[in-house]
Amino acid sequence: MMLRISGLHEVAHDFDAMLIDQFGVIHDGQKLYPGAAKVLAELQALSIPVVIMTNSGKRAAANVSRIVKMGIPREHFVDCVSSGEVAFQSLDVSRAFLIGKDGEDYGFDPVQFVERPDDAEVMLILGSNAPKTSLQDYRKMFDGMSLPAICCNPDKMMLTSKGLQPAPGAIAAVYEEMGGKVTWIGKPYGGIYAHALNLVGNPQRVLCIGDSAEHDVGGGRAA
């Protein structure tokens, strides 16, 4: 049943913890949305723990730093759980072939990123270099590859200054379509929810808040 509310205060007491999406809910990538800081402060005052969730290929610390710099006090959320962090903690390799955005530091040290797929143990799909690199360009790159891949951001599209562009999930889908083996980490897949819930003691009554039917709503319901 769908319940329409005028504000989170109407239902907050029905939950023991909240998992809240980052991009598109708390901020737009550059600044906080109006009221976001106030809501997190009120949840903290009610002693309702909040974990901020994100399909980001970067590790948790980088996402925490971004949110705090935007104006959310660190004590107002338990942690930020990123798909990149969950992937990093499950890695058991020393050399990887990176698919990501030019110049981006994903914080995966001491994993060594190598130039040639043949020298890697796994391909890490952490970001997208679109529109500079198109899906067709990635398709050509993947031709003949058999390296197992881990996609650390299942999002298919991302909003850029040049409009909607293919996100890491779309790149991973191309590789999978070509016969590559892809392990998906992040919303809507269960591993990221298990990681987040463990941080708050695995409560029974949890509210998931997000802006994506596929990732946030579907992932929350499945979890």
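At the start of helix α7, a side-chain oxygen of Ser-212 lies within 3.4 Å of the backbone nitrogen of Glu-214. Helices (H or I, at least four residues) and strands (E, at least two) are DSSP runs, numbered from the N terminus. The model is predicted: local features need pLDDT of at least 70, side-chain atom pairs count only at pLDDT 80 or more, and totals for chains, interfaces and linings use all residues. Residues are numbered from 1 along each chain as its sequence is written, and side-chain values use heavy atoms, with hydrogens and water left out.

Helix α7 spans residues 213–222, and its buried residues are His-215, Asp-216 and Gly-219. They cover an arc of only 85° around the axis, and therefore sit on the same side of α7; the arc is that of the directions from the helix axis to the C-beta atoms. Buried means under 20% relative accessible area and exposed over 50% (1.4 Å probe, protein chains only). The exposed residues Ala-213, Arg-221 and Ala-222 are on the face of α7 turned away from its buried side. The buried residues of α7 pack against β1 (17–21), α6 (190–199) and β11 (206–209), where contact means heavy atoms within 4.5 Å.

The structure also holds 1 cavity of 30 Å³ or more. A cavity is a set of points on a 1 Å grid over the protein atoms alone where a 1.4 Å probe fits but cannot get out, and lining residues have an atom within 4 Å of a point. The largest cavity has a volume of about 40 Å³, and its lining includes Asp-216, Tyr-193 and Cys-208. The largest share of that lining, 3 residues, comes from β1.

Notes:
Polar contact = N/O pair within 3.5 Å; in protein donor to acceptor, adjacent residues only side chain to side chain. 1 Å grid on protein atoms, 1.4 Å probe; cavity = no way out; pocket = protein on both sides within 12 Å on 5 of 7 lines; lining within 4 Å. Points joined across faces, edges and corners; volume = space filled by probe spheres on them.
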